[in-house]
Amino acid sequence: MDAVFKALADPTRRELLDRLREENGQKLNELCQRLAMSRQAVTKHLAVLEAASLVTVIWKGREKLHFLNPVPIGDIYDRWIGKYERTRVAALADLKRALEDKDNDP
Amino acid sequence: MTLADKTPDYVAVTYIAATPEAIWSALTNPRVASAFFGAPVEIGTETGGPFIVRHGEHPLVGRILAFEAPRRLHVLWAFPSDPPPDEVEFLIDPAGKGVTRLMLREYHGRAWAKAIVESGIYGWGVMLSAIKTFAETGKLLPTIDLKGPQP
């Protein structure tokens with residue numbers, strides 16, 4: 001679990017996970033777009049995410065496709081949020097979302 | 001048939017402290033699947049066999065497309081009441097030091113709405129946990145509410 005928290009403790013790596021959540025199975029080139037850093041730096045970040053099993057790679061010919069693996073974050077959720085607390089947590093999250101959406105309305 | 005050329009729409013991976021054989025027998029054990037689905041389950045023992053979950057009015061009536069013990073189970077994930085079917089593939093690979101990697105790949109038969117994909121992701125997480133628990137401890141994970149976090 002240490003590797004997961006270390007991997008998540010970086011805004012670029014969280015950004016990479018956000019992008020994979022938006023579109024799973026992206027190649028390195030696609031992930032490098034709109035990121036103001038070198039290809040090598042992105043490769044390093046992806047390696048950290050892979051080592052923490054937050055990203056899983058599938059080879060397609062000579063290219064790597066990157067997939068978000070939700071299992072480690074699911075394990076964190078299961079460890080600290082009990083079965084009976086989930087309903088309440090979800091209700092608060094929904095309330096927060098609803099209120100924030102309201103504020104954003106023109 | 002191999003899916004090497006197909007790109008999955010969704011992938012999940014978990015690492016299990018058990019042999020590929022133990023994971024395979026958990027994966028193909030109808031008791032483990034029944035506890036997970038909370039409904040009677042029928043799983044065939046060869047390619048072409050059934051993968052059926054009799055929950056309510058919309059049963060899953062799937063078919064085993066590949067039964068390659070202890071490495072690969074490929075299932076046509078079909079709801080006759082709601083075609084077209086998806087495909088689900090389970091891949092089991094030794095990862096060293098007595099640890100085995102279980103990978104799930106989902107190939108969608110249609111463009112699912114994001115909300116449906118996300119509720120499915122929650123269900124897969126529980127299923128992988130059920131297989132992991134059984135392979136490591138021989139215990140069945142109790143049936144829990146599969147709808148996930150509810151408002």
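How many nonpolar, polar and charged residues make up the lining of the second largest pocket? In this predicted model, where local features need pLDDT of at least 70, side-chain atom pairs count only at pLDDT 80 or more and totals for chains, interfaces and linings use all residues, side-chain values use heavy atoms, with hydrogens and water left out. Residues are numbered from 1 along each chain as its sequence is written, while chains are lettered from A and ligands numbered from 1 in the order in which they are written.

The lining of the second largest pocket divides into 14 nonpolar, seven polar and four charged residues. In this classification Ala, Val, Leu, Ile, Met, Phe, Trp, Tyr, Cys and Pro are nonpolar, Asp, Glu, Lys and Arg are charged, and the others, Gly among them, are polar. A pocket is an open set of points on a 1 Å grid over the protein atoms alone, with protein on both sides within 12 Å along at least five of seven lines; a cavity is a set of points where a 1.4 Å probe fits but cannot get out, and lining residues have an atom within 4 Å of a point. Volumes are the space filled by probe spheres set on the points, which are joined across faces, edges and corners. The second largest pocket holds about 720 Å³. Its lining comprises 25 residues, of which Trp77(B), Phe79(B), Ile116(B), Ser119(B) and Gly120(B) are the closest to the pocket centre. At least two lining residues come from each of helix 2, strand 6 (86-96) and helix 3 of chain B, and helix 3 of chain B gives the largest share, eight residues. Helices (H or I, at least four residues) and strands (E, at least two) are DSSP runs, numbered from the N terminus.

Two cavities of 30 Å³ or more were counted. The largest cavity has a volume of about 40 Å³ and is lined by Ala26(B), Leu27(B), Val32(B), Ala33(B), Phe36(B), Met127(B) and Ile131(B). This lining has seven nonpolar residues and no polar or charged ones. Helix 1 (20-27), helix 2 (30-37) and helix 3 (114-137) of chain B each supply at least two of the lining residues, with the largest share, three residues, coming from helix 2 of chain B.

At the interface, 20 residues of chain A are in contact (heavy atoms within 4.5 Å) with 23 residues of chain B. The buried area, defined as the accessible area (1.4 Å probe) that two parts lose on being put together, summed over both, is about 1,600 Å² between chain A and chain B, with 57% given by carbon and sulfur atoms. Ile58(A), Lys60(A) and Val71(A) contribute 26% of the area that chain A buries against chain B, more than any other three residues. Five residue pairs, both residues at pLDDT 80 or more, are in polar contact between chain A and chain B. A polar contact is a pair of N or O atoms within 3.5 Å; within protein, one must be able to donate a hydrogen and the other to accept it, and residues adjacent in sequence count only if both atoms are side-chain atoms. On the side of chain A that touches chain B, two or more residues are given by each of helix 2 (11-22), strand 1 (55-60), strand 2 (63-68), helix 5 (71-80) and helix 6 (86-104) of chain A. Helix 6 of chain A provides the largest share of that side, five residues. By class, that side has nine nonpolar, five polar and six charged residues.

Over all chains, 12 salt bridges were counted. One salt bridge joins the side chains of Lys64(A) and Glu50(A) (3.5 Å, N to O). This pair links distant parts of the chain, with Lys64(A) in strand 2 and Glu50(A) in helix 4 of chain A, 14 residues apart.

Backbone geometry was also examined. Most residues other than glycine have a negative phi, and most peptide bonds are trans. A cis peptide bond, with omega about -5 degrees, joins Ala69(B) and Pro70(B); Pro70(B) lies in the loop between strand 4 (60-68) and strand 5 (72-77) of chain B. The bond from Pro83(B) to Pro84(B) is likewise cis, with omega near 0 degrees, and Pro84(B) lies in the loop between strand 5 and strand 6 of chain B.

Definitions and conventions:
Salt bridge = Lys/Arg side-chain N within 4 Å of Asp/Glu carboxyl O.
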